[in-house]
Amino acid sequence: MIGEGANLGATQRGRIEAAQKGIKLNTDAIDNSAGVNTSDVEVNLKIALARPERDGRLSQNDRNSLLVAMTDEVGTLVLRNNYLQTLALSLAERKGVAENGFLARLMQSLEQRGLLDRAVEFLPDDVAIAEHTRRGQPFTRPELAVLLAYAKLTLYDDLLASGVPDDPYLARELSQYFPREVRDKFPDSVEFHRLRREIISTNLANAVINRGGPACVVRLTDETDADVPTIAMAFVAVDESYGLHRLNDAIDAIDNRIDGQLQLGLYAAVQDLLHSRVVWYVRHVDFSAGLEAVISRFGPCIREIAAGLDNNLPQDIQAGRSKRRQDLTDGGVPAELAGELADLDALVSAPDIVTVAGCSNRAIGDTAATFFAAETNFRLDRIIAAARGVPANDFFERLAIDRAVNQIAAAERRLVADMLAAGQSGQQAAENWLAAHPKAARIRRSVEEIATSGLTLAKLTVAANLLGDLVKG
């Protein structure tokens, strides 16, 4: 056993060194995960089929024939999980040095809970990470693979210990886990599976970490001070409200049809929206009534906002949207998918629009038109877009940027509500409000100068404070 452990350690050190020299490789755990996953599915299938066997609906021979018949579908489901896991590593790798601080926080969090020994896993300590960052050296893919596993296992344990797996909406996770024949012939075996909570927790943990990245939960926890169950609920709510699962599937479908780096960029755009909106939902949504209530409130409204973008976006935002769509189609992205991806920048504001519409008792279309008009008049779209590219020297600067963007969004909600209060909507409402608030012209000029002068953390903070002064309360 001692020799075996030493050999494994040497192998991992070799992988890390090879990766540092530009060789693309994973760990054995990643490459062999499909086999482990297959065994898990087989066990859970046999547990599910034990119920109809006991009550005489299924003979042992029929059970065995059914298991054989499901081989291809099980293989497809397992390979899908394997695909998503390696994609998660590629997206984490793509972030490069910018992710170092968040990965360091992940390891610190695991150490505080007694769940990680960096030396055992050949992971760098904080001093080494700081030096790597200074030299522009990101975490290697083998290191990311280890952290991905720890993140999933920890999230699974946290979810299982919470009430999240009991939310009725998450029963769909069971449907996605089992092959269709079992779901159709023995739905009760799926619904009342004795490992129901464990399966839901596993699927949800995989989804959150695969789509959000190894450090996403600790990053969201630090940013919002929310607990893990709330973050997980927000993840599902955003994913379902925006239809991101379907959007990611559409990106998957263009494998080998467009440039690989462009495709990763498409996934990253969806991931960025997912992360920012999870933060928003955590801060502004009450999940006490369950996921169904939240998703049914936001989902239809977000779809309505998306359908109205052609009419409600001001000309300059419309031009940026059209250029994004054209750039994507020029890169080989199918036109329909390119259009949906080009809409994402505008749809970041959708939950704010839904909230203001509800508080102001105004139609979604009127509120959206006014929201976008306010963005144009105060260059808020440019400020927020530029904020995504502001360099952060460490984890705390990134948090400061996120908080400044949150302040700007809060100011925008108050501003739009005030514009709508007079009864008009769209550009007319914005112009009337500006005419009634002449002092706002100075703030608008200052914000415009900030937006066009090369954004820094200091300038972003000033812009947030200026915009906060527009409408008090």
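Author: Accessible areas here come from the Shrake-Rupley method with a 1.4 Å probe, and for residues, only the protein chains shown count as cover. On that basis the protein chain has an accessible surface of about 21,700 Å², and 52% of that belongs to carbon and sulfur atoms.

Reader: What kind of model, and which cut-offs apply to it?
Author: This is a predicted model, where local features need pLDDT of at least 70, side-chain atom pairs count only at pLDDT 80 or more, and totals for chains, interfaces and linings use all residues. Residues are numbered from 1 along each chain as its sequence is written, and side-chain values use heavy atoms, with hydrogens and water left out.

Reader: How many helices and strands?
Author: The protein chain has 29 helices and 0 strands, taken as DSSP runs numbered from the N terminus (helices are H or I, at least four residues; strands are E, at least two). Its radius of gyration is 24 Å, close to the 23 Å that the globule rule gives for 473 residues, so the chain is as compact as a globular protein of that length. That radius is taken over C-alpha atoms, and the rule is 2.2 Å times the number of residues to the power 0.38.

Reader: What share of the residues is buried?
Author: Buried residues are 50% of the 473 in the protein chain. Buried means under 20% relative accessible area (1.4 Å probe, protein chains only).

Reader: Helix 5 next. What is its span?
Author: Helix 5, residues 71-95, reaches 37 Å from its first C-alpha to its last, close to the 36 Å expected. The expected span is 1.5 Å times one less than the number of residues. Gly96 follows helix 5 and has a positive phi, near 65°.

Reader: Which helices do its buried residues pack against?
Author: The buried residues of helix 5 include Val78, Gln85 and Leu89. The partners of the buried set include helix 3 (33-54), helix 9 (141-160) and helix 17 (260-284); contact means heavy atoms within 4.5 Å.

Reader: Switching to Phe298. Buried or exposed?
Author: Phe298, in helix 18 (residues 291-307), counts as buried at 1% relative accessibility. Beyond four places in sequence, Phe298 is in contact with residues including Trp280, Tyr281 and Pro351.
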